[in-house]
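Please keep the sequence and the coordinates at hand while following the text.

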Number of protein chains: 2
Amino acid sequence: MGNLTRQALELYIVTDRILSLGRPLTEIVRAAVEGGATMVQLREKECDTRQFIELGRTIHALTHAAGIPLIINDRADIALAVGAEGLHIGQHDMAYADARRIMGPEAIIGLSVENEEQAQECLSLSGLDYIGASPVFSTPTKTDTAPALGLDGLRNIRHRVGPEMPVVAIGGINLSNIRDVIRAGADGAAVVSAICSAASPAGATAELLSAVKEAKR
Amino acid sequence: MGNLTRQALELYIVTDRILSLGRPLTEIVRAAVEGGATMVQLREKECDTRQFIELGRTIHALTHAAGIPLIINDRADIALAVGAEGLHIGQHDMAYADARRIMGPEAIIGLSVENEEQAQECLSLSGLDYIGASPVFSTPTKTDTAPALGLDGLRNIRHRVGPEMPVVAIGGINLSNIRDVIRAGADGAAVVSAICSAASPAGATAELLSAVKEAKR
C-alpha cells in the first residue's frame with residue numbers, strides 16, 4: 001500500500017489532451033499545481049510510449065517539486081519508467097493483483113468502480129489505496145463509461161466500502177456540484193474538464209479546492 | 001542479458017491481427033508453433049490492457065509448452081503481467097535503458113534499427129539481446145516504417161555491429177527471399193504476413209524454417 005493521504009485526494013486533476021483545447025498538457029498541469037491541486041493523473045490513450053514517458057517525466061518534475069503524487073492511468077510501464085508515485089486502473093485495465101505485483105508495495109494504486117458490486121469487490125484487494133467512483137455525473141470526457149451513479153449511487157458506494165476506504169468521485173464534477181459529492185461521502189473529487197478546459201486552470205483549481213474544503217468543514 | 005540463443009531467432013513469427021484475416025491470433029500462433037517457429041512476438045496496438053494480458057497468457061501457454069520464448073512488442077507492463085520471456089522495442093518505444101531496468105537482467109530485449117547509425121548505437125547498449133533490422137524489404141504490414149534497407153543495407157548493418165550481435169531481419173520476408181536475408185548476414189528472419197496470412201500457417205512456417213536452415217548450411 002502506497003503512501004496516500006486522504007488530503008491528497010481532495011482535488012485530483014486528471015489530464016485530457018483534447019479537453020485542454022490546444023494548450024500543452026504541461027501548461028495545464030503547471031497551472032493546476034499552482035492553483036493547489038493535491039494529486040495529478042496523467043491519462044494518455046493515443047501517444048506512443050516514448051512520447052508518453054517524456055511527457056510523464058516533464059510533468060513529474062512539476063508534481064515532485066510541489067510535493068504531490070503523480071499517478072499514471074492504465075500504463076504500469078510508463079509509471080515505472082517515469083518513477084511516478086502510482087497507477088490508476090479501470091475495469092478494462094490490468095487486474096489489481098497484477099498491478100500491485102508489478103508496481104511494488106510502495107506504489108499508490110487506485111481502481112475505478114462503476115457500481116456497488118465492483119466497490120464491494122475492492123474490499124478483498126489487499127493494499128488498494130483508493131477507489132474512484134465513476135462516473136458520478138454524466139460526462140463528455142469519456143464515451144465508454146457506465147451509467148452515471150448520481151449522488152445516491154456515490155452514497156451507496158461509500159456505505160458499501162465503509163469509512164476506511166478512500167473514495168474519490170469522478171465524472172462531470174465542477175464548481176456547481178463539487179460540494180455535493182464531498183457531502184455524499186467522497187474524500188475528494190477528480191476533475192477533468194472543469195480544470196483542463198477552464199480559461200484559467202489555476203483559478204478554477206483554487207476555487208474547486210476551496211469548495212472541497214468548505215464542504216468538509 | 002536474457003537467455004537468447006541464436007537458434008531462437010531463426011524463424012520468429014510476429015503477430016498481426018489484421019493480416020490474420022479474421023482467424024484468431026491463438027489459432028495462428030498454435031499453427032506456427034506446430035510448424036516449428038523458434039520465437040513468437042505478440043504485437044497489439046488496439047486492444048485494451050486487460051484483453052492484451054488475457055491474450056498474452058493464452059499465447060504464453062502455447063509457447064511455454066513448446067519451449068520457445070514469447071516476446072511482447074512495446075509494452076513492458078504486458079510482458080511483466082504475462083510473464084513473457086522478453087520485450088521488443090522500436091525507436092518510438094521505451095528507451096533501452098528504461099526497458100532493461102523495468103524488465104530485469106534475465107529478460108530478452110530486442111531493439112529495431114532502421115539504419116546503420118542506429119545499429120552502431122546498439123553497440124553501447126549493455127546486455128541488448130538482439131537487433132531487428134527493419135524493414136529489409138518494403139512491406140504492407142506497417143505504414144510508419146523507414147525506407148527499405150535492402151539486402152545491401154542488411155549486410156552493412158551486420159558489418160557495422162560485427163559477428164557478436166544477434167541480428168534478425170524483418171519486413172517483407174517470404175519464401176522467395178528468406179534465404180537471401182540469411183546469406184546477407186541475418187541470424188534469422190522475423191515474419192509477419194507470410195505466416196499470418198498463409199492458407200496454412202503451419203505449412204508456411206515449416207517451409208520458411210527449412211529455407212533458413214538450408215541457407216545456413
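This is a predicted model: local features need pLDDT of at least 70, side-chain atom pairs count only at pLDDT 80 or more; totals for chains, interfaces and linings use all residues.

The contact between the chains may be considered next. Chain A gives 20 residues to the contact, and chain B gives 20 residues. Of the interface residues of chain A, 100% are also interface residues in chain B, so the copies meet through the same surface.

The size of an interface is often expressed as the accessible area that is lost when the parts come together. Here chain A and chain B bury about 1,600 Å² between them, and 47% of this area lies on carbon and sulfur atoms.

The polar side of the contact can be described pair by pair. Between chain A and chain B there are 14 residue pairs in polar contact, counting those with both residues at pLDDT 80 or more. On the side of chain A that touches chain B, the elements giving two or more residues are α2 (49-66), α3 (76-82) and α4 (96-103) of chain A. Sorted by class, that side of chain A comprises nine charged, seven nonpolar and four polar residues. Four salt bridges are counted between the two chains. One of the salt bridges joins Asp98(A) to Arg57(B), where the closest N and O atoms are 2.9 Å apart.

Attention now turns to the single chain. Nine helices and eight strands make up the secondary-structure elements of chain A. The C-alpha trace of chain A spans about 40 × 40 × 30 Å along its principal axes. For 217 residues, a compact globule would have a radius of gyration near 17 Å, and the 16 Å of chain A agrees with this.

In chain A, the peptide bond from Ser134(A) to Pro135(A) is cis, with omega near -15°; Pro135(A) is placed in the loop between β6 (130-133) and α6 (150-161) of chain A. In chain B, the bond from Ser134(B) to Pro135(B) is likewise cis, with omega near -15°, and Pro135(B) sits in the loop between β6 (130-133) and α6 (150-161) of chain B. Leu21(A), a residue other than glycine, has a positive phi, near 55°. Leu21(A) belongs to the loop between β1 (11-14) and α1 (25-35) of chain A.

Technical notes:
Residues are numbered from 1 along each chain as its sequence is written. Chains are lettered from A and ligands numbered from 1 in the order in which they are written. Side-chain values use heavy atoms; hydrogens and water are left out. Contact means heavy atoms within 4.5 Å. Buried area is the accessible area (1.4 Å probe) that two parts lose on being put together, summed over both. A salt bridge is a side-chain nitrogen of Lys or Arg within 4 Å of a carboxyl oxygen of Asp or Glu. A polar contact is a pair of N or O atoms within 3.5 Å; within protein, one must be able to donate a hydrogen and the other to accept it, and residues adjacent in sequence count only if both atoms are side-chain atoms. Helices (H or I, at least four residues) and strands (E, at least two) are DSSP runs, numbered from the N terminus. Ala, Val, Leu, Ile, Met, Phe, Trp, Tyr, Cys and Pro count as nonpolar, Asp, Glu, Lys and Arg as charged, and the others, Gly among them, as polar. The radius of gyration is taken over C-alpha atoms; the globule rule is 2.2 Å times the number of residues to the power 0.38.
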